[in-house]
Amino acid sequence: MNRRDFFKIVTVSGAAAATGGCQQASESILPLVVPNEHLVPGVASWFSTVCRECPAGCGVIARNREGRVVKLEGNPDHPVSAGALCLRGQAALQGLYHPDRITGPQVREGSAGFKAATWDAASKTVADKLAALKNGGKSRAIAVVTQLENGNLGGLLDRWVQALGARPRVTLEPFAYESIRAANRATFNRDAIPYYAFEDAEVVLSFGADFIETWLSNVSYARTFKRMHSFRDGRAGTFIHVEPRQSLTAANADEWVRNAPGTEGLLALAILRAMVDEGMADRRFGEAAASVDLKRAADETGVSVETIKRIAKAFGHAKPGLAVGGGVSVSGTNATQTQIAINLLNAAAGNVGKTVRFGADSAYGKVTPYAEVANLAGAMAGGEIEALILGPGVNPVFTLPSGLKLADAIRKVPLVVSFANVPDQTSELAHVVLPDTHWLESWGDYSPREGVVGFLQPTMSPVRDSRPMGDTLLRIGRAALGVEEGKGPIPWPTFEQYLKGAWAPLVKGDLEGALRRGGVFGDVAPAAVTAKVAAADSTPPKLAGDAGGLTLLAYPSLRFYDGRSAVSSWLQEAPDSMTQAVWDAWVEISTDTAKKLGVVQGDMLAVKSPQGTLELPAYISPTLHPSAVAIPMGHRYTPYQRPRYVAADTKSVNPMDLLPAVADATSGGLAFMSVKVTLTKLGTRRPLAVLQATHDQDHREIAQHVDLGAAREQALRGRPAEEAHPTLYPDQKYPGPRWGMTIDVDACVGCQACVVSCQAENNVPVVGKASAAYGRQLHWMRLERWAEGKPEHPANIFLPMLCQHCEVAPCEPVCPVYAAYRTEEGLNGQVYNRCVGTRYCGNNCPYHVRRFNWFQYEFPAPLEVQLNPDVTVRQLGVMEKCTMCVQRIIAGKDRARDEKRAVRDGDIQTACQQTCPTQAITFGNLKDEGSGATKLTHSPRAYHVLEEIGTRPSITYLRKVVRGGGHA
Amino acid sequence: MATETVLGVFAHVDTTVRALEELRARGYHDLTVYTPLPVHEIEEVLERDRPVSRVRLFTLIGGLTGIASAFLLTIWSSLVWGLVTGGKYLQPAGGSIIGASLPPFFIIAFEMMVLFGGLATVIGMVVLGRLPRLSQSRAYDPRFSNDRFGVAVHCAPERAATVHELLRTSGAEEVKSR
Amino acid sequence: MTAKAGVGALGAALLAVLVFLAISSWSRQPAAAAKPSAQPINFPHNVHVGTYKIDCQYCHSDARRSEYAGLPSVERCMGCHKIAGADKAEIKKLAEYHAKKEPIPWVRVNKLPEFTYFPHKAHIRAGLKCQTCHGAVETMTTYAADTGPKLTVDLLNLAGLRPAPPPLTMGWCVDCHREQNATAGRHAPLDCVTCHH
Amino acid sequence: MSNGRTSTPSFADVNRDVLRTLEPPGNLYFAWMCFVALLLAGFFFAWAGQVWWGMGMAGKRVPQMWAMYITTFVFWIGIGHAGTLISAILYLFRARWRTSIYRGAEAMTIFAVMTAGLFPLIHAGRMWFAYFLLPYANQRYLWPNFRSPLVWDVFAISTYLSISTVFFIVGLVPDIAALRDASTGWRRRIFSMLALGWEGSDTQWRHYRRAYGLLASLATPLVLSVHSVVSWDFAMALVPGWHSTLFAPFFVDGAIFSGFAMVLILILPMRHFFHLHAYVTEKHLDMMGKLILVTGLVLTYFYICEVFTSLYSGEHIEKASLFWKVTATYAWALWTMYFCNCVAPLVLFWKRARTSPVVLYVVSILVLIGMWFERFNIIVPSLGHDFYPYTWGIYYPSPTDSMIVIGSFAFFFLLFLGFIKLMPSLSIVEVKETIPPPVRDRAHGH
């Protein structure tokens, strides 16, 4: 059956999407023309595909209602994500339904900007140009740049490139981890990025690798890290993190070591040296670190000798340990040397083959080296390139250092063809835009690591008039070659046919099954490697700019990656976990710097480098290394942000505009830590929208922790018997189940995935910077960061806070109209259509998790299509809050009744629980002693937030387990 | 039988009182006294052989109705749809008879008592005071709302003359028949 | 008199604003059932259900598995009408739609407010007859429903009278659920959030 | 009379003087009317905008989901207490000096409660569904939650409004009769309708007196209950700084305090412009002054208790809340309140001050400011620093907030200005009661 017609259907789903109780004109309802067994209006169908928001390639299943995808979830069968999804994956829907999404083929009319064109016309312009070049013997003047496409799309493109004799395709990923590849070449003689088995390590020693944010594969590494780290039957691994700035990953470390930027290599060698001295490592590693003198190393890195020795001991004794390196501070000109030092550490501790496993190598290994990109840029600048074809997801003008002068270079190219489906800084320079389908509408495949091939299939028909890049290029290619369909080097009529052909051997006849599973998942035999011990040089990175300036740390953002996810207003409004700031970008400066400059948070600073100047509001961080400033990458809220929740600001907030195009000496990879900047106070202010009033709990024990030793004891002794709550009133009886939830604070890494998932599931609107700054955000769930101990070296606890569904709920009795009441299944019901909006409940909720619709919030078309038909869209003037996904509970009970059985534990998953990479959240029936949730409530670590108020929440938290004398 | 009304207009309280005493002594009991304000001395004379105003009965009944209806409303309405708020039942549960939370209903009951009681009192006053009346009684004179006191005697026509005489002697400024 | 004028002005202002508020609030009232209006094709339920005894779920086949009862695909209509009454004017219209591969723009008759979730599935599963809610369809030439909240009913209620709640109103649903629980020993939910979430 | 004669007037004088207050007013009066009407227009404009665009137009936020509206609501309810207190409680206590001020005070009460009554509507996010709070039979079988303090409010305030109005009208009837007899033409017809044909016959007076007494004894507990109920809006909640058994008496006292201040603010100008010095004598001012002084001192005591209990509770969150109030962002409001309510009234210890209209006026204004801020300090700072540090926040009033709060004063004064020109603002009958009745035997003594 033709897949396009598959979704040609309209139903009443629009009704549910309409705002709660708005008068509607008499609407018409349209039946299917042809009955469709796959699709029943009102019943969700699921399609598995692969997330392409970043090269991690997690498996996704898309929930399709009435032909529209309304929610994404992790694919439980997929080995990378194992059912989880990060916030960027959750927010992919906003890219799919983005109001600014390109409506169809566009052709630039001189300076007048773009004009809509037909597909034939647009592709003809391109084809003619290509033909001209080919026939003119200038096929080398054709360049193709795509994001990392290691699947069959890549294959097809390469055939296409060959057919036209164009320059080899360039796959462009700003974060390519070339230093790791180069280091592995040097140490293990293998040009690959291995699989790091966090789950098998006892001690993880990370040199700036932000594996909870963006490093390689954040979902899978967050999961495996927690498997190693979180407290389970008395055992828990240790995590030591070395970074000049306290990133989210650093905040999750048992010991965060703040070093001087760029000295990671030296520190690694020092640790190696210490290990050798202590006899914890083979003597032959001695000479590699011979040059290092601990004392000197301590001075340069700013890490005391004791600490170095302690780390060495911990790491050396681990059976096994794991050392990883990455992040911005390990991306200087000495990046490869640092990685070599780290390799040596792994080798010395005997982790290679145990926790550092070659074989199941990461897809990143296939990214085109930065050198090639630089060459291409040069070629373009030199006028050698006459046709540039840019695939979707590549935005080099934004994601590469301005030092590369790429924008100017591209302007020199006579024909730039972009396949972007949402406008960005690069597609703006294009002459022809042939919008590719969004990955949720596309066929394809992607292999995140060896042995794992994820299949992409269309989960709905295209929202806008866009066509698969593959199809378009095939058509253009044949036109350029002057052959018709079925003939020549690229005969396939569509990419889909090519793909299915290529899949045939892979799926062995069971395509349907493979598509259902989401791909073909196998294991590859581990490749044995031997470490070559060579001295790593530990010279600090070369930094451009004013020698007296501060080192610029332009770090990849958990929320926007390199900026390709920044079009999502969900992500813009999901706070950055560490700063709790939303919408705006900022420059993070240390307290000393702030004192020197005399600035407070929100004061505008001019950040100056030889490349240019950025104007950003200051965020004052007591934790940042005094010799550094940090700016998150990827922030671009204008002009590609709709609706305009932030006053349009044409000034760039992109740290790439400060970077020179410097490459790592050894690997040739792009160096992100390459410049020193100077700060000047501008005198103006742009206050940040910071959602958390304070990170200090003020002794209220909201987020609690317990020492590892104590936790072990308690685990043995078990939970002391609870004393009964004294009350005059009869306890509530639950005829059916009583729903409840447990949240393991020890497992939570603060990645915000739950927040965005909840927003997607429950039609939570976006309010914009001004409202968010004024405490009017509508998130049903928020992720709090509580800091303890010394401000410059705090221990952080992340606490997901949502409606506690109290048994003795303060919000209920004060409601004059019973809009808030207690359901017989133990939820705090909130009936929107009954609510009058007195907001009394909001005042009386000690957790302040109730949200009020201050205005009628908009869902600009076509975003309203994404709204979950099972959840009412709230009208202005009503209270709302977490319902524990009551619509999912109802659906689960309905399913059970269909199968004539009771609801089983695990049948029902809340949106937040489903997406959590570390499975910190467990939902279940508290009356069922066997349910996972109930078991956890009996854990000795269990506690309730603000228990002394006596609200008796249905949500139980499990204390964070901290190592070493209250040091979390 | 037809009666005649003799009206005496007085400027002073003591003269009025004297007149009333005289009249009562002579056995004239069908009197109407008009005063711009309630005067203690005059009331004393008049109230001697009269029962206490029955307005208070209205008040009592009204108040009780208020209480009753309040409890009826609150308890019944929480019984028909027993929603739990704050972990406490409003409908019968756990053995308690009228449900777990009566106390709040007392507030409603009190307010309703006052409301109904107050309104009933006014109704009582209006009804017993023969209000509202559309036309004024024959004997009424506008001065009575200002600074004059009036004594209207309803008697058989043949005795009118003596009443005239009596009123004038007791100090009426003006005596006329209506 | 002047003070009177002042008070008059105040009164006018008050009135104006109250009217404004009334309008603005009324415009936010939940949607009621649409009035029966002309359908693109005059579809006689009485013939199909009454005369030919076609089961409701033959056409509204999603009722047993979905929130919505669903409408027959044009294909299914044609299934019978390729032959049956192919010469009739109304059927010709149908044939046109089928030829053009276009859906028939039926006008919606039954509509609950958006904040109310009514799953047909559960009610079919409970063995409910369609007529219980939709009336004696088999007798209707053009299907029309007179449903939804009515001012008169509320006024009567206000006066203390208790008229039977009109079909597809909350009271009407609740009546049935209660009655079912009481007599048939079912567990028809009475939890607000079951329908309002 | 215009010479401000102060020897006891005769019955006829009373009628004449009171009726004189109803003569067509001067330009000053109209100027006031216009000004007030202008503010009122702004009020409705702001309200309409808020209904249309949403509650966000007001400066509310998390955690201050209540702010200036409820503040002003409680303020006006408080004002509404003096009237019934004077007319009911002082009546039962036979305090004769009340007679010449109680009519004005009662009118003030009714208008204040009407003004207050607007605020729950203004405050509700969906005011067009406010009728959900009323217990009326509906086809959905839904009833209000009688456990919610807000529903108690609905009952308490509507009862209070109706009873005060009834009380007011009953008191008016004989006076309207007097008006009727003094007026002619269409006004006469209107007045005779309103007077219900009152004649002041002995039977009427009997029942009237009895009814009035009963109403007074019903109204007395009502007055005390209403502000107690309002105080429970806060006391029933968990919020630190609200959750206190002290609130009921605390609020009632504050209400009387502010109520008397407002009475003075209204009576003093009337006394001046209508030359009522014969009826509102220095004795009256003195008594009012004393009452303000006493209630002020009681209030001070409550403030001390409030601080003491939260310190003595030893509860960290309570103490933190208090400390924050006293020192942080809103400290200025707190200290303003302490000055206006505790320090300013102390001047009334001196009789000279109590009998000087100017001093009394200034003190009254200060008291009103102080009492408004008292409610502000209870609501906004308490919410701003409650249990959960994540959501602590500062509330900034928006133009909408301010226009509506100011407009509410306009609403009140417009009603009152209208009243004093339409109805006798002094009780003719009761004033006469204070004058020795004319007696002939001692009449030619003078």
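Analyst: Strand S10 (residues 203-207) of chain A runs parallel to strand S11 (residues 238-242) of chain A, and five bridges join them. Strands here are DSSP runs of type E with at least two residues, helices are H or I runs of at least four, and both are numbered from the N terminus. Two strands count as paired if DSSP finds at least two bridges between them. Within this pair, Leu205(A) has Ile240(A) in S11(A) as its bridge partner.

The model is predicted, so to speak of local features takes pLDDT of at least 70 and side-chain atom pairs count only at pLDDT 80 or more, while totals for chains, interfaces and linings use all residues. Residues are numbered from 1 along each chain as its sequence is written, chains are lettered from A and ligands numbered from 1 in the order in which they are written, and side-chain values use heavy atoms, leaving out hydrogens and water.

S10 and S11 belong to an open sheet of four strands in chain A, ordered S12-S11-S10-S13 with parallel pairing. At its edges lie strand S12 (255-257) and strand S13 (321-325) of chain A, each pairing on one side only. From one strand to the next, the twist averages 15 degrees.

Helix H10 (residues 264-277) of chain A packs on this sheet and touches S10 and S11 of chain A, contact meaning heavy atoms within 4.5 Å. The direction of H10 makes about 145 degrees with that of S10(A); such angles run from 0 to 180 degrees between N-to-C directions, with axes fitted to C-alpha atoms, for helices over the stretch in contact.
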